[in-house]
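I set out to record what was looked up about one chain and its contact with a neighbour.

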Amino acid sequence: MHPQFTKNKKMNNYETVFIATPVLSDAQIKEVLGKFQGIITENGGQILNTEEWGLKKLEYPIQKKSTGFYFLVEFTAEGGVIETLETQYRRDERVIRFLTFRQDKDAIEYSAKRRAKLAGKAHEAAAPAAPTKPAEVEEPVKTEEE
Amino acid sequence: MAAPQQQSEIRYLNPLSVDVKKKKYCRFKKLGIKYVDYKDAEFLKKFLNEQGKILPRRLTGTSQKFQKKVAQAVKRARHLALLPFVTDMMK
């Protein structure tokens, strides 16, 4: 059912949120997001969902900044990837805060629903007279071994 | 029935059960919510007092299972600056 159970390796679903500094330009923001998505995929992870929450006001200042760009990435990977990812977060000065955790079964269910809902909304916004085809939520997962 | 009580010095040994206490319930069990989302700050504010502290479950009625999850979600939200650690007059 879930793609995390491939051969021998224990894959988990993870969710990571990071806040980038508000001083970046649009191109730089794309680059930061691309960089961390790259780190996940290069280490054998598979990205399920990416959300940009945009510039949000922080409830308390972080590094004397009162706003930040929020990004959410959901992915499946082996546990070792997390260490690499978080090291990169710490080294990158553009990231002012991050949070990564493993999704338990309720969280997986919840986030799948949430993705479907968001995809449905985006679908409606893109094409109001959408056909009955369900919104693309999950891309078909292909593995090289099979 | 009220007259003899007014005459005596000790009027009421037990408080009169005028207002029937509303039974508290766990809103997660009632609504069938399984996962407490840290992203939804507005929802989590229902479990905080105006200083931003987590309310005890004896006040909110949340079951122990979900109080733990609420606490976890609030702490995640705080870390991501979606909720404040300390504040005043939040509501």
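Conventions. I worked on a predicted model, in which local features need pLDDT of at least 70, side-chain atom pairs count only at pLDDT 80 or more, and totals for chains, interfaces and linings use all residues. Residues are numbered from 1 along each chain as its sequence is written, while chains are lettered from A and ligands numbered from 1 in the order in which they are written.

Chain B. I found 5 helices and 0 strands, giving the pattern α-α-α-α-α along the sequence. Helices (H or I, at least four residues) and strands (E, at least two) are DSSP runs, numbered from the N terminus. Of its 91 residues, 22% are buried, that is, with 20 or more other C-beta atoms within 10 Å of their own, C-beta atoms being placed from the backbone.

Interface. I noted 11 residues of chain B in contact with 12 of chain A; contact requires C-beta atoms, placed from the backbone, within 7 Å.

Helix 5 of chain B. I read residues 64–79 as this helix, with 16 residues and a reach of 23 Å from first C-alpha to last, close to the 22 Å expected at 1.5 Å a residue; the expected span is 1.5 Å times one less than the number of residues. Its buried residues include Phe66(B), Val70(B), Ala73(B) and Ala77(B). I then asked what covers the buried residues of helix 5 of chain B. The cover includes strand 4 (95–102) of chain A, together with helix 2 (27–31), helix 3 (41–44) and helix 4 (57–60) of chain B. After helix 5 of chain B comes Ala81(B), with a positive phi near 60°.

Definitions and conventions: Buried ≥ 20, exposed ≤ 12 C-beta atoms within 10 Å, placed from the backbone. Contact = placed C-beta atoms within 7 Å.
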